[in-house]
Each structure stands twice: as C-alpha cells, then as structure tokens.
Amino acid sequence: MKTFPHDSIEMIELTEIEELILFMLIADYSQQEIAQTLKCSRKQVVEIISESLCVKFELPILSTALLIDKAIAKGYNMVIPRLFFNYYQKAPKNPKTWSET
C-alpha cells in the first residue's frame, strides 16, 4: 500500500497504465489525446476510466471531473508516473495542477 510521500493520505493501488491515464487527465489531456499518445483507441481509454479508475476511486457515476477532484485530493497531482516518460518526451500542455512560480 502506497502513501503520499509528504502526507499520510493512502494512495489507491493502480496499474502503471491507470496511473498514466489518471496523470494525463489531471494534466488536462482529452481522452482522444491520451489515446493518441498511448497508440490505442479512445474506447479503450474510456473503458479504463469507467471500469477501473472510477471503480477504484469509488465514484457512483462515470465522471472524469469527479475522478480528477478525488485524485487531486489524494495527491496524485504531485506524482509524475515513470511510464509517462516512455510515451511522451515533452511536458504536458497547460497542466491545471501546476502552481505559478
């Protein structure tokens, strides 16, 4: 069981691909952009979101907005998945979770 490094919030166990998709959603990628990056169909991305991520985050409905809010509350916006660098070599566009410095 993982915990966020600077907190006692318990992280939800995710596969590497779930972590990557969640990270990309938080970073404001569309489902289509995620599918293009992962070289899969948008349908496959939607299935992972609805059948896996929303279930693991105990969401009563399929809602990307609620998923993102709950993931940020658990600290997932503070972690860049290792797998991200395998698929995409430049920084995410307009990540809404980055603070201005």
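Buried means under 20% relative accessible area, exposed means over 50%, and partly exposed lies in between (1.4 Å probe, protein chains only). The model is predicted, so local features need pLDDT of at least 70 and side-chain atom pairs count only at pLDDT 80 or more, while totals for chains, interfaces and linings use all residues. Residues are numbered from 1 along each chain as its sequence is written, and side-chain values use heavy atoms, with hydrogens and water left out.

**The whole chain**

Colour the model by secondary structure. The protein has 5 helices and 0 strands, and from the N terminus the elements run α-α-α-α-α. Helices (H or I, at least four residues) and strands (E, at least two) are DSSP runs, numbered from the N terminus. Of the 101 residues of the protein, 38% count as buried.

**Helix α1 and its neighbour**

Leu25 lies in helix α1. Show α1 (residues 16-26) together with α2: their axes come within 10 Å and cross at roughly 135 degrees. That angle makes α1 oblique to α2. Axes are lines fitted to C-alpha atoms, for helices over the stretch in contact, and angles run from 0 to 180 degrees between N-to-C directions. Angles under 35 degrees count as roughly parallel, over 145 as roughly antiparallel, 65 to 115 as roughly perpendicular and the rest as oblique.

Now show side chains where α1 and α2 touch. Ile17, Leu20, Ile21, Met24 and Leu25 of α1 meet Ile34, Thr37 and Leu38 of α2. Contact means heavy atoms within 4.5 Å.

**Around helix α2**

Select α2 (residues 31-38), where Gln31, Ile34, Ala35, Thr37 and Leu38 are buried. Look down the axis of α2: its buried residues fall within an arc of 165 degrees, so they line one face of the helix. The arc is that of the directions from the helix axis to the C-beta atoms. Next comes Lys39, which follows α2 and has a positive phi, near 55 degrees.

The structure holds 0 disulfides, a disulfide being a pair of cysteine sulfur atoms within 2.5 Å.

**Helix α4**

Move to α4 (residues 64-73) and pick out Leu67, Ile68 and Ala71, which are buried. They cover an arc of only 95 degrees around the axis, which puts them on the same side of α4. On the other side of α4, Asp69 and Ala73 are exposed. What covers the buried residues of α4 includes α1 and α3. After α4 comes Gly75, with a positive phi near 95 degrees.

**Back to the start**

Draw a distance from Leu25 to Leu67. These residues are 42 apart in sequence and 9.0 Å apart in space, C-alpha to C-alpha. Across the protein, among contacts between residues at least 6 apart in sequence, 61% join residues at least 24 apart.
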